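Me: Please show me the structure. I will then ask about a few of its residues.

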Amino acid sequence: MFSLNRYPWKMLDMLSFLSSYKAPGVSGFQPIFFKSYWGVVANNVLSMVAIAFATGTFDTSLTKTIIVSILKVYVPMTFKDFRHISLCNVLFKAIPKVLITQEIVHQMHKKKKGKKGFVMFKIDFEKAYDKVD
């Protein structure tokens, strides 16, 4: 089976898909922190991911999320006048992407027969509510 510890760039690659300066979650860290200090934090992050691979679960403290209401209008009158966003932990966003991508690639390699193969595309759709004016 694929070992993420042999390919630490895979996790860094997943982090690179996250916008560097997104609002931080409960941990207070933005993706730029992990990208900039990957040499320092890689072993801890990779061991957390290895545990997730082995058990199918990960540390529940990563799932803590802050829900924030941002004004859409100057004087709000109803709940519709707010934009609600979830501030998730960076690793909570990245680890499932690594696990899902790894499983998809593994299944693709397993089912490959002859000259026929599979193609996988990663498409990044930026949602309008990810931006605050």
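Me: How far does the backbone nitrogen of Leu91 lie from a polar atom of the side chain of Asn89?
Reply: This is a predicted model, where local features need pLDDT of at least 70, side-chain atom pairs count only at pLDDT 80 or more, and totals for chains, interfaces and linings use all residues. Residues are numbered from 1 along each chain as its sequence is written, and side-chain values use heavy atoms, leaving out hydrogens and water. From the side chain of Asn89, a polar atom lies at this distance from the backbone nitrogen of Leu91: 2.9 Å.

Me: Is Asn89 buried or exposed?
Reply: Asn89 sits in the loop between β2 and α4 (90–111); helices (H or I, at least four residues) and strands (E, at least two) are DSSP runs numbered from the N terminus. The relative accessible area of Asn89 is 8%. With a 1.4 Å probe and protein chains only, under 20% is buried, over 50% exposed and in between partly exposed, so Asn89 is buried.

Me: Which residues does Asn89 touch, not counting residues up to four places away in sequence?
Reply: Contact means heavy atoms within 4.5 Å. With those sequence neighbours set aside, Asn89 touches Gly25, Ser27, Leu62 and Lys64.

Me: Is Met77 buried or exposed?
Reply: Met77 lies in the loop between β1 (65–71) and β2 (82–88). Its relative accessible area is 70%, so Met77 is exposed.

Note on methods. Polar contact = N/O pair within 3.5 Å; in protein donor to acceptor, adjacent residues only side chain to side chain.
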